[in-house]
Amino acid sequence: MVYSFLSPPPLRSWSCRPLSAPLSSKVPKVIKCKAAVAWEPNKPLVIEEIEVAPPQANEVRIKIVATGVCHSDLYHLLENMHEDGFPTVLGHEAAGIVESVGPGVTEFQPGDKVIPLFIAQCRECRFCRSPKTNQCEKAWAAMRSNAMSPLDSRFTCKGKKVLQFMGTSTFSEYTVVNTMAVAKIDPAAPLDKVCLLGCGICTGFGAAVNTAKVEPGSTCAVFGLGAVGLAAVMGCKSAGAKRIIAVDVNPDKFEKAKVFGATDFVNPKDHNKPISQVLAEMTNGGVDYSLECVGNVTVMRSALESCIQGWGVSVIVGWTNLDDFAARPIQLIAGRTWKGSLFGGFKGKDGVPAMVKAYLDKKVKLDEFITHNMTLDQINDAIELMKHAKCIRTVLNLSD
């Protein structure tokens with residue numbers, strides 16, 4: 001069934017010291033806890049003791065249990081490096097438990113299992129009311145997309161405000177999030193697995209089923225076999241694609257891609273011709289759907305040119321905002337469609353709980369994406385693994 005709906009400084013150790021009793025206090029107070037702070041771009045994260053303010057109106061404070069390390073975290077730290085985006089606490093792919101709620105909050109209660117969302121769903125703006133998009137006019141991205149964080153924050157450290165990356169900041173034992181950016185999930189869900197649905201898996205899977213709208217019997221090509229690309233492969237298979245071609249310059253990833261449904265494997269380094277020509281020769285003119293899951297403008301063009309003329313659809317999934325991209329007009333004039341996908345087209349508060357259910361029903365894989373389990377103190381090691389493509393997904397376990 002198809003569900004349609006990115007050497008460190010010495011570490012110090014603290015136990016989490018709430019100034020109020022978690023999960024029970026009627027008047028939340030400041031919590032002091034451990035977080036990985038990015039004080040400046042392109043530098044190792046520093047484990048610090050931060051203060052997390054109580055939730056204000058329409059906010060909840062969440063105890064983060066598990067968080068994935070996503071390429072979008074590295075993009076902000078190592079590539080984007082926008083001066084207005086630091087200091088910050090990175091992390092946006094997580095699951096946790098509501099610790100306390102702010103005034104006026106009735107949708108959530110302490111003890112609820114939740115996934116924070118980097119794409120809000122207010123349910124009121126013109127975007128939220130439209131089935132055509134999953135974007136929201138009230139989200140942080142509508143105001144500070146380059147800095148990748150809202151200006152307001154509930155974090156302080158050493159007397160300084162620390163920004164909340166993508167409105168979530170999950171490399172912290174506690175975080176505060178607006179209720180429109182929180183999804184309540186099944187209490188039976190294992191948080192150290194479903195945390196991946198906060199970004200990468202929904203992004204890739206949804207790009208195939210929601211954005212590309214892959215059809216049964218079709219031929220697909222997925223460029224890039226990180227977690228997002230593998231999730232796109234899984235989405236193509238779920239949608240009924242007959243042939244799924246996995247494209248990556250690292251052949252070590254092909255066996256993992258087979259687990260998620262890939263049928264053919266192509267390493268561009270093995271050929272002395274453009275990859276689009278290779279795929280055209282393999283498919284009698286090009287694939288029906290291509291999904292670019294790298295975030296590289298050159299690969300985006302190759303993915304488009306790999307589609308068959310007349311009806312081919314190419315979806316840009318990989319996150320980047322650093323370079324312009326280009327293609328010959330005839331590529332589109334000839335009938336191809338070029339489109340983008342953000343969070344796989346899922347409206348978060350609706351789509352994420354549905355994906356959690358799909359996992360619990362064994363219709364979506366999650367465990368197979370996890371190659372490493374670490375602690376928050378090992379965050380810089382996890383970043384190095386991702387920088388050097390030595391992992392698919394690393395999950396940081398923050399619970400005691």
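Glu48 and Lys158 form a salt bridge, with their closest N and O atoms 3.2 Å apart. A salt bridge here is a side-chain nitrogen of Lys or Arg within 4 Å of a carboxyl oxygen of Asp or Glu. The pair links distant parts of the chain, 110 residues apart. Glu48 sits in strand 3 (residues 46-52), and Lys158 in the loop between strand 8 (155-157) and strand 9. Glu48 counts as buried because its relative accessibility is 3%. Lys158, at 56%, counts as exposed. Buried means under 20% relative accessible area, exposed over 50%, and partly exposed in between (1.4 Å probe, protein chains only).

The model is predicted: local features need pLDDT of at least 70, side-chain atom pairs count only at pLDDT 80 or more, and totals for chains, interfaces and linings use all residues. Residues are numbered from 1 along each chain as its sequence is written, and side-chain values use heavy atoms, with hydrogens and water left out.

By the salt-bridge rule, the count comes to 20. One of these joins Arg154 to Asp152, at 3.1 Å from N to O. Arg154 is buried, with a relative accessible area of 9%. Asp152 is partly exposed, at 48%. Salt bridges that share partners join Glu59, Asp152 and Arg154 into one network. Asp192 and Lys193 also meet in a salt bridge, 3.3 Å from N to O. Asp192 is partly exposed, at 27% relative accessibility.

The secondary structure comprises eleven helices and 19 strands. These are DSSP runs numbered from the N terminus (helices H or I, at least four residues; strands E, at least two). The C-alpha atoms fill a box of roughly 65 × 45 × 35 Å along the principal axes. Of the 400 residues, 56% count as buried.

Thr168 lies in the loop between strand 9 (160-164) and strand 10 (174-178). Thr168 counts as buried because its relative accessibility is 0%. Residues up to four places away in sequence aside, Thr168 touches Gly91, His92, Pro116, Leu117, Phe118, Thr175 and Val177. Contact means heavy atoms within 4.5 Å.
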